[in-house]
Amino acid sequence: MEFLLIWVLNGHFADSGLRYANAGECYAAAQNAGSELQYAGVTPPKFTCIPIKQGYEFKLYLQPEQSGARFPF
């Protein structure tokens with residue numbers, strides 16, 4: 001089984017495209033990337049590592065845009 005690093009950005013999910021052999025390796029990569037962003041003064045996105053079946057095509061499902069937003073630009 002492989003693990004996939006998923007970034008969560010404002011309710012949307014982003015597939016990192018990277019696959020890891022175990023959850024520990026996936027988590028460490030995400031922590032390191034987050035630390036690098038913090039060092040640069042950027043708040044890192046939330047992340048999760050999920051198991052995926054090898055050879056499975058992962059699909060992303062985005063949240064629909066909210067209508068009636070305060071700032072429509």
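The entries below go from the model itself to its fold and then to its disulfide.

**Entry 1, the model.** I note that this is a predicted model, in which local features need pLDDT of at least 70 and side-chain atom pairs count only at pLDDT 80 or more, while totals for chains, interfaces and linings use all residues. Residues are numbered from 1 along each chain as its sequence is written, and side-chain values use heavy atoms, with hydrogens and water left out.

I looked up the confidence, given as pLDDT (the predictor's confidence in each residue, from 0 to 100), and the protein averages 79, with 81% of the residues scoring at least 70. Where pLDDT is low, the predicted coordinates should not be read in detail.

I took helices (H or I, at least four residues) and strands (E, at least two) as DSSP runs, numbered from the N terminus. The protein has 1 helix and 3 strands, and from the N terminus on they run β-β-α-β. Confidence is lowest in strand E2 (residues 12-20), at a mean of 82, and highest in H1, at 89.

I counted two strands as paired if DSSP finds at least two bridges between them. The 3 strands form an open, antiparallel sheet in the order E2-E1-E3, in which E2 and E3 are the edge strands, each pairing on one side only. From one strand to the next the twist averages 30°, where axes are lines fitted to C-alpha atoms, for helices over the stretch in contact, and angles run from 0 to 180 degrees between N-to-C directions.

Strand E1 (residues 2-9) pairs with E3 over 7 bridges in the antiparallel sense, and Val8 stands opposite Lys46 in E3. H1 packs on the sheet and touches E1, E2 and E3, a contact being heavy atoms within 4.5 Å; the direction of H1 makes about 30° with that of E1.

How many disulfides does the rule give? With a disulfide taken as a pair of cysteine sulfur atoms within 2.5 Å, I find 1, formed by Cys26 and Cys49, whose sulfur atoms are 2.2 Å apart. Cys26 lies in helix H1 (residues 23-39) and Cys49 in strand E3 (residues 46-52), so the pair ties together parts that are 23 residues apart in sequence. The torsion about the S-S bond is about -95°, so the disulfide is left-handed.

I used buried for under 20% relative accessible area, exposed for over 50% and partly exposed for in between (1.4 Å probe, protein chains only). Cys26 counts as buried because its relative accessibility is 0%, and of the 73 residues of the protein, 14% count as buried.
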